[in-house]
Amino acid sequence: MISKKIKGRIVELKEKFPQRKSAILPALHLVLKEKNYVEKESLKEIAGLLELPPIEVFETASFYTMFPQKKVGKYHIQVCTNLSCSLLGAEELVKYLEEKLKIKVGETTPNGMFTLSTVECLGSCGTAPMMQINEDYYENLTKEKVDRILDDLLKKQI
Amino acid sequence: MKITIDNKEVEVDPGTTILETAKKAGIEIPTFCWHEKLDVYGGCRLCLVEVDDLPKLQLACATYVCDGMRVKTNSPKVIKARKGNLEFLLINHPLDCPTCDKAGECELQDYVFKYGSDKKRFKEKKRRFIVDRSQTFDDLKIGPQIIRNQNRCIICARCIRFIKDIAGEDELGDFNKGYRSEINSLPEIPIANQYAGNVVELCPVGALTSKAFRYKIRVWLTKKIESVCPFCGDGCNLFLWVKDNRIYRVTSRRNDKIDEGFLCDRGRFGYDFVNHPDRLKTPLLKENNDFIPVSWEEAFETIAKRFEKIKKDYGPDFLAGVGSPKLANEDNYIFQKFFRTVIGTNNIDHRVNIKNPLPGSDFKDYKNFFGMSDSIEDLENSDLIFILGCDMNLEHPIIALRIRKTQRKNGTFVILANPKRTKLKNIATYELLYKYGTEVAFLNGILNQIIDEKLYRIEENKIRELKDWVKEYDLDKVSDITGVPAEKIKTVAKFISQKERVIFLLGREIILHHQTQDVVDSVNNLILLLGNGRKGSLNLLWEYNNSCGALDIGILPDRLPGYLPVNDLESKKRFENFWKEKLSEKPGKSFNKMLEAILQGSLKAMYIMGSDPVREFPDRNFGLKALKKLDFLVVQDIFLTETAKIADVVLPGASFAEKDGTFTNCERRVQKLKRGFKPLYDSKADWEIICELANYWGSDFDYPQAKDITSEIAEVVPIYSGFKCEQIDENRKRLDLSFEKEKVRFKRADYKKIPDDKEYPFVLITGNTYYHFGTLTQKGENLNSIVSEGFCEINPEDAKNLDIFDGDLIKLESLSGKIEIKAKLKGNIQKGTVFVPINFEKIRYNLLMDKDKLVDRVRIRKS
């Protein structure tokens, strides 16, 4: 369920664009900010609020990797596996992360701390391989660097 | 502009793409996502070509030409790119051609065969979109008739673009992205719109297949027969794919003047009535209330003997013939010739579902009932399309597509005036919902408003009379009668008068109206009033595949073929000379009058061909009572219809797939259908039966083939003159009715008040449904798998007041009878109205109707 406050803001969005379709992305962002994922029910609600066919919202949300449809962990690790990153070892990194976190891509650690995803290009090919955790970029990754980043995050937690 | 393409010089207009130019020059450029009737997409990258002075290859489909451009479609660079793209597609496309329905007509198969590489460099496992791990094939049912196999999909998005852009629906989408892209519908909203079947035909590969056809036969084993759809008046062109006396599927035979290569699902999937096991197999004779199979000889003998006797005892006018708007021109022509020459009566009609059949006896008014004055294509050259009394998607789905197209491409405005909300609403500028039966008041209201505000361009002195006639229809009064808000009538009156080219489309609800003539006159008044330079035109959309043909060919009691009056001596003579028989000059009876005559004892025998009046006549009790009283009834049909059940002799006719002939569609285009296989069992083509009967009787009906009748029609029927059977398919012209054009003048039309009825508060509207048309489609399994039963549609508020829920079994009652039916709550139905479909044998909707009532009314009881 989307909160009343966000609902109000989504309805406001409707008037902002010449085509209501254009309000889908900002609406998705609003919902995502509030609860860190956008599940099916919310997608339907957004469609209702924007008076659009549900399929339009589902298509858009599924196109972008930043709108997970299931609840994600506190830290959402999104490793780029597009061309430049893959050439520089992103696939190795994903494997390493899977082993380290003992989860597969798309899963969340039992303590609800980390979710691991692979995503398409994040526009940071110059610093490949890279990943995004929540809103921050971590670049020029190596296994050691990944260890340190995750340790830091865990420490912050404590 | 001059463009050089593969060293060929081509002259084209600016705004042409390279692909179109190549087509013009006869050069093939392979494409997947491009489709002539869809918007340019540029997604498949197969049409890459080399353009001089440009560093990279260009998309032929999306690059516009400029003067002096030099294009190469076959350079080593292009060939390499094509090979590469096809190789990419085959990384994941499964090589399951041996079990794929598309094999043999797959564009990927063909292009790889022609342009592809013989080497494969990718060794990875193929990507799968697994639906069910226990299954070998990843088939997913995404609609009642549509099966998806995403592994085979090449994401050309033709299906999605068709559904979204052309059909205006939103059931199909493209999910995820890149490598994981998939076409899908939402599980709770399966793809089930009335045009869904088109995606199967549009799909270049085997990703979308239809449940009706898949795994039944390899396409190359079938024969492709050119035919025409036997359902609504649009007359879409079809291919029947047949083998061994069976239709395996129907696809579009693109005709840009009508269907533009799209079909509705009724036409696409409704063919399976043809091979239904219940088809009549031999002639049947009733003995002691049982039908016994007899030979044709015996059947003819009985008919001839009985008819002869009645003719001798009472006279030829004690016999009557009922033809059909669903049969071919050839069938109907022979039928009326038989009755007019062999029997010697003008008691002929085909309008069995109309209470107040028009054209009436007033000859001058005939011209208004000819049908459409514009062609379907003409709709694209209008500023405003005004739809009156027609649920276009139900009655003429392909015209509805054309209206969507012109709205989208040319910004044509659409106004809907209907007794219920229709699907075109989402593209309409205004929608007016009136109470059924009040159309004349509504139109007079608009007329009055235009006069009041001086919005007309016609001279003042010409409208004095009209002004007088309509002045009592002031906004408040009209609003009160029709239920349309006064403000809306005012706005629409103004809106219409601002447009230059207005096309009026009048549909089923007007044809079945108690005031058809008055509605048509009012629309004519409106067109005249707008006048002076503005071009308005009136179109009456006849319902059935050959309604226009049946009218043209003279299945009318007062008209010879070509609308020549039976009592006009010159016309009579013309046909007497052709047919070498004396003709009666006494106008015959319309179907309603025939029924009355039976009850009065002045009609004793009837021959009904291809119609089922028991099910269709808008007063079942009356119709049944009359028909049962006949001394002798012959019914010729393909099934044992309800009318056939009460007949004395039943003759098995042939379906549209089993005979040659012509249909005249609602815009009066004569189209040829070809025989796919010989008549099944011991049935015969309808015209053949009548000919044999006539010959048995001692006449000389010498027509070895249907085309001999077509030739005679072309020779004898004035408006069909010059039509050569062989040419019909080539010129595909509409019939020219200019000879009938007479100066139209203002005519008075007044609203006939419909009495209130507290006891029966709901107005009954009937019509077709999205998946069924007429009486035949319900026989087949294909469409029944989508929708197999009819519902009574009720406004949710009315339902709430009556404590009725969706799916409840309810009783509809009128003074004449009652039926049980399931309720469906639908917001598109106005309060105080119910809609009942006519397509289901179990729903005897005409039991509720009374032939003398202006508007049929019912009450609702919970069952």
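**Entry 1**

I started at the hairpin of β1(B) and β2(B), where 2 residues sit between the strands and Asp6(B) has a positive phi near 50°. The model is predicted; local features need pLDDT of at least 70, side-chain atom pairs count only at pLDDT 80 or more, and totals for chains, interfaces and linings use all residues. Residues are numbered from 1 along each chain as its sequence is written, chains are lettered from A and ligands numbered from 1 in the order in which they are written, and side-chain values use heavy atoms, with hydrogens and water left out.

I noted that strands β1 (residues 2-5) and β2 (residues 8-11) of chain B run antiparallel and are joined by 4 bridges. Strands here are DSSP runs of E, at least two residues, and helices are runs of H or I, at least four residues, both numbered from the N terminus. Two strands pair if DSSP finds at least two bridges between them. Opposite Lys2(B) I found Glu11(B) in β2(B).

I then followed β1(B) to strand β5 (residues 70-72) of chain B; these two run parallel, with 2 bridges. Ile5(B) has Val71(B) in β5(B) as its bridge partner.

**Entry 2: domains of chain B**

I listed the domains of chain B: domain 1 (2-74), domain 2 (122-273), domain 3 (284-363 + 546-723), domain 4 (372-540) and domain 5 (762-862). The bounds come from an automatic or database domain assignment.

I looked up the pair of domain 2 and domain 4 of chain B, whose C-alpha centres are 37 Å apart. Domain 2 of chain B puts 20 residues into the contact and domain 4 of chain B puts in 18 residues, contact being heavy atoms within 4.5 Å. The two domains bury about 1,500 Å² between them, 46% of it on carbon and sulfur atoms. Buried area is the accessible area (1.4 Å probe) that two parts lose on being put together, summed over both.

How many salt bridges cross the interface of domain 2 of chain B and domain 4 of chain B? I count 3, a salt bridge being a side-chain nitrogen of Lys or Arg within 4 Å of a carboxyl oxygen of Asp or Glu. I also looked up the salt bridge of Glu260(B) with Arg402(B), where the closest N and O atoms are 3.8 Å apart.

**Entry 3: chain B against chain A**

I found 15 residues of chain B in contact with 11 residues of chain A. About 1,100 Å² is buried between these chains, and carbon and sulfur atoms give 59% of that area. On the chain B side, Asp170(B), Lys177(B) and Leu186(B) lose the most area to chain A, together 43% of what that side buries.

The chains share 3 salt bridges. Glu59(A) forms a salt bridge with Lys164(B), with 2.5 Å between the closest N and O atoms. Strand β8 (residues 173-175) of chain B gives the largest share of the side that touches chain A, 3 residues.

**Entry 4: salt bridges overall**

I searched the whole structure and got 72 salt bridges over all chains. I picked out Asp256(B) and Lys37(B), whose side chains meet in a salt bridge at 3.4 Å, N to O. This pair links distant parts of the chain, 219 residues apart. Asp256(B) is in the loop between β13 (246-252) and α6 (265-269) of chain B, and Lys37(B) is in the loop between α1 (18-24) and β3 (48-51) of chain B.
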